[in-house]
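Subject: A structure to look at

Hello,

Here is the structure I promised to pass on to you. Please open it beside this message, and then read on for what turned up.

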Amino acid sequence: MIKKYSYFAFFAFGFFVMILPSALPLAMKEFGIDYSQSGYVMMLGTAGYIGGSLICALFAHKIGLKRIAILGSLISAAGLFYFFFVHDFLNLSIANFATNIGMGFIETGIGALIGSSEENVSSTLNKVNALFALGSFVSPFVVAFFIKYGFNWQVSYLLGSVIALISFVVSLKIENVKERPVVSAKKFNAFSGLFIMIYAMIGIYVGYEATYSSWITTFLTNFRHINVATAALSSAIFWMGMFVGRLLASYIKVRNEIWLIFIVAFSLSGVIFSIAIPQFYISMFFVFFSGLFFASTYPTIQLMLIERAGSGIGNLMGIFVFFVGIGATLAQWVVSSFSNAFGILAGFSIIPVMITVELMLSISMERKNSHNRMENRSI
């Protein structure tokens, strides 16, 4: 049941994430909002997501993993349903804030549930995240379909609500999950040097994933002077790469630290070539290539946390998801600020810088683990 719940919930999450970005120009016109107000709507969504993750970080041990799963799906389904009825800036902001609280619960709950109960954790995490990528890939096409055939684009939220509601029904059938036993006799410290490094890596990764996927169309339009309709294909191509990459990664068995160095290095090369090559179709190949290697970064870092968590995995996953929200927020602010001040090329070029920092942290993590293994052998 945990797998079924995770598949439905994460598909609904991915589907939801791309609805508003896909329909934003139309929403701005219909609701009479400007770019500044649109930014506030997005920021409130991130605030809701961070709020949901913080609640889990502080109270997961009291709420329990099953209740987190149930509440996440229920709040998300209600928020998505509310989206269908909004027609102004205030209600749009409230809907986005509320729905993202539920999504924060879902992200925390799924990671903790899989980490507590699944044997093949790596494969399951990649498959679940593949469903998120599939939802993000499908969503713009669904929105475009409704607009093309004269339906209200907000009907997409009703469809998302139904999917979230299915995950809610499935979550009710999940058996109570006991967290893994403590992996060490030492006192548990959620902010030890090792965990801080993991939080930093996930924050940086989500930062460059969020900015690359959301700014690639703008970069191609404003810097390469490709028309919007054609450039918009880049987002779908990127998410298709993410979907394929996560499916493939679910069958690969390589030590996490080594695998992370490999995929981050290839992510860096893919992003650099997609920026540097002016030919559209070759650039699109490297956009897909980037998505392919971005794909398993999140599940791999998440697995590194799970393997070291033991007791308290729910609280740790809440902290982890909190840094996901912080990373996405800070990266979007930095890239947008640099773009405003120095142009889109300068702003977009921040992304390979972030990936380089991620690569350095990945190498440092592997060195730390190698040192620990050598010490354990000598004992």
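**Charges and overall build**

The protein carries 22 positive and 14 negative side chains, and the centres of these two sets are 5 Å apart. Lys and Arg count as positive here, Asp and Glu as negative, while His and the chain ends are not counted. Each charge is placed at NZ of Lys, CZ of Arg, CG of Asp or CD of Glu.

Before going further, please keep in mind that this is a predicted model, in which local features need pLDDT of at least 70 and side-chain atom pairs count only at pLDDT 80 or more, while totals for chains, interfaces and linings use all residues. Residues are numbered from 1 along each chain as its sequence is written, and side-chain values use heavy atoms, with hydrogens and water left out.

The protein has 16 helices and 0 strands. Both kinds of element are DSSP runs numbered from the N terminus: helices are H or I with at least four residues, strands are E with at least two.

How does the radius of gyration fit a compact globule? For 379 residues such a globule would have a value near 21 Å, and the protein agrees with this at 20 Å. The radius is taken over C-alpha atoms, and the globule rule is 2.2 Å times the number of residues to the power 0.38. Along the principal axes, the C-alpha atoms fill a box of roughly 65 × 45 × 35 Å.

Of the 379 residues, 54% count as buried. Buried means under 20% relative accessible area, exposed means over 50%, and partly exposed is in between (1.4 Å probe, protein chains only).

Contacts also reach along the chain: among those between residues at least 6 apart in sequence, 84% join residues at least 24 apart. A contact means heavy atoms within 4.5 Å.

In soluble globular proteins, nonpolar side chains tend to be buried together. The largest nonpolar core in this model has 115 residues, and those with the most contacts inside it are Y5, W153, I198, Y205, Y212, F294 and F320. Helix α8 (residues 193-222) gives the most to this core, with 15 residues. A second, separate core has 6 residues, including I63, I68, I101 and F105. Such a core is a set of buried Ala, Val, Leu, Ile, Met, Phe, Trp, Tyr and Cys residues joined through side-chain atoms within 4.5 Å.

Which residues does Y205 touch? Leaving aside neighbours within four places in sequence, Y205 is in contact with M242, R246, F294, T297, Y298, I301 and E358.

- Helix α6 (residues 121-148) holds N129, which is buried at 5% relative accessibility.
- W239 sits in helix α10 (residues 233-249) and is buried at 3% relative accessibility.
- S283, in helix α12 (residues 280-294), is buried with a relative accessible area of 1%.
- N315 lies in helix α14 (residues 313-342) and counts as buried at 14% relative accessibility.

Is H225 buried or exposed? H225 counts as exposed, because its relative accessibility is 65%. H225 is found in the loop between α8 and α9 (228-231). Most residues other than glycine have a negative phi. Phi of H225, however, is positive, near 60°.

Enjoy looking around!
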